[in-house]
Amino acid sequence: MTTRCLLHICVILLFSTEISSRLCTMLHFQQNKVNKESLELLEKVSGNFPSQCINERAAFKPTQDVVQLPVSQKENVKVTIQEILQEIFNIFSKNLTQSAWDGTSIVRFQSGLYQQIQRLEACLRAQMEKGLTSPESEDLQLTSRRVKKYFQGIDAFLKEKQYSQCAWEITRVEIPRCFVLIDKLTRRLSN
């Protein structure tokens, strides 16, 4: 009986590793889909940029251009994408009460981000088990610090503006730049 149970566990582990591996190879297709859906949902939550926020838009100065983040090794691309998505998720999980946005679209946006983060984490675990990704990589740590610094700037802006509707609108139009970088990185996954 114990042997039979052990055999079932081994078969399940074998299939789960195979499924995880297949999901990782299809990651760039999934990421392209998530990017497109996320951009559509960000556009849908509010519509046009409010004219009363134009003056505040000029006050928003990100600490760096997120699109210019260097990612030198292909192995680090998934880690970088996962970190960016996690930071976007964190930003959009904060005080959204003053934004007059469509709640259903926000929940769908958050859900899509969360699901992709989970897929990426599963792939990264598999890569680390195989020794393909090293979280101690100097390049990866530098990129990670830059990603965090960029999102800390957005977070500080939201706090400074007390999570006002205009601050959220400015954030909403800034975040697509992150998806431009993710798209650029995703193309490297498919090569």
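Which residue forms a salt bridge with Glu 37, and how far apart are the closest N and O atoms? Here are my notes on that and a few related spots; keep in mind that this is a predicted model.

1. **Glu 37 and Lys 33.** The partner is Lys 33, and the closest N and O atoms of the pair sit 3.9 Å apart. Both residues belong to helix 2, which covers residues 27-46, and because they are 4 residues apart there, about one helical turn separates them. As for accessibility, Glu 37 is partly exposed at 35% relative accessible area, while Lys 33 is exposed at 53%.

2. **Glu 40 and Lys 36.** Glu 40 comes out as partly exposed, with 43% relative accessibility, and Lys 36 is exposed, with a relative accessible area of 54%.

3. **Glu 87 and Lys 148.** Now for a pair that links two helices. Glu 87 forms a salt bridge with Lys 148, with 3.6 Å between the closest N and O atoms. Glu 87 is in helix 4 (residues 77-91) and Lys 148 is in helix 6 (residues 138-160), so this bridge ties together parts that lie 61 residues apart in sequence. Glu 87 is buried, its relative accessible area being 16%, whereas Lys 148 is partly exposed at 38%.

4. Over the whole structure, the search turns up 9 salt bridges.

5. **Lys 78.** Is this helix 4 lysine, Lys 78, buried or exposed? Lys 78 counts as buried because its relative accessibility is 11%, and the cut-off for buried is under 20%. Setting aside neighbours within four places in sequence, Lys 78 is in contact with Cys 24, Leu 27, Leu 120, Leu 124, Gln 127 and Leu 189. One of these, Leu 27, is 51 residues from Lys 78 in sequence, yet the C-alpha to C-alpha distance is 9.1 Å.

6. I'd look at Glu 87 and Lys 78 together when you open the model. Glu 87 is buried and has Lys 148 as its salt-bridge partner. Lys 78 is also buried, and its contacts include Leu 120 and Gln 127.

Note on methods
Residues are numbered from 1 along each chain as its sequence is written. This is a predicted model: local features need pLDDT of at least 70, side-chain atom pairs count only at pLDDT 80 or more; totals for chains, interfaces and linings use all residues. Side-chain values use heavy atoms; hydrogens and water are left out. A salt bridge is a side-chain nitrogen of Lys or Arg within 4 Å of a carboxyl oxygen of Asp or Glu. Buried means under 20% relative accessible area, exposed over 50%, partly exposed in between (1.4 Å probe, protein chains only). Contact means heavy atoms within 4.5 Å.
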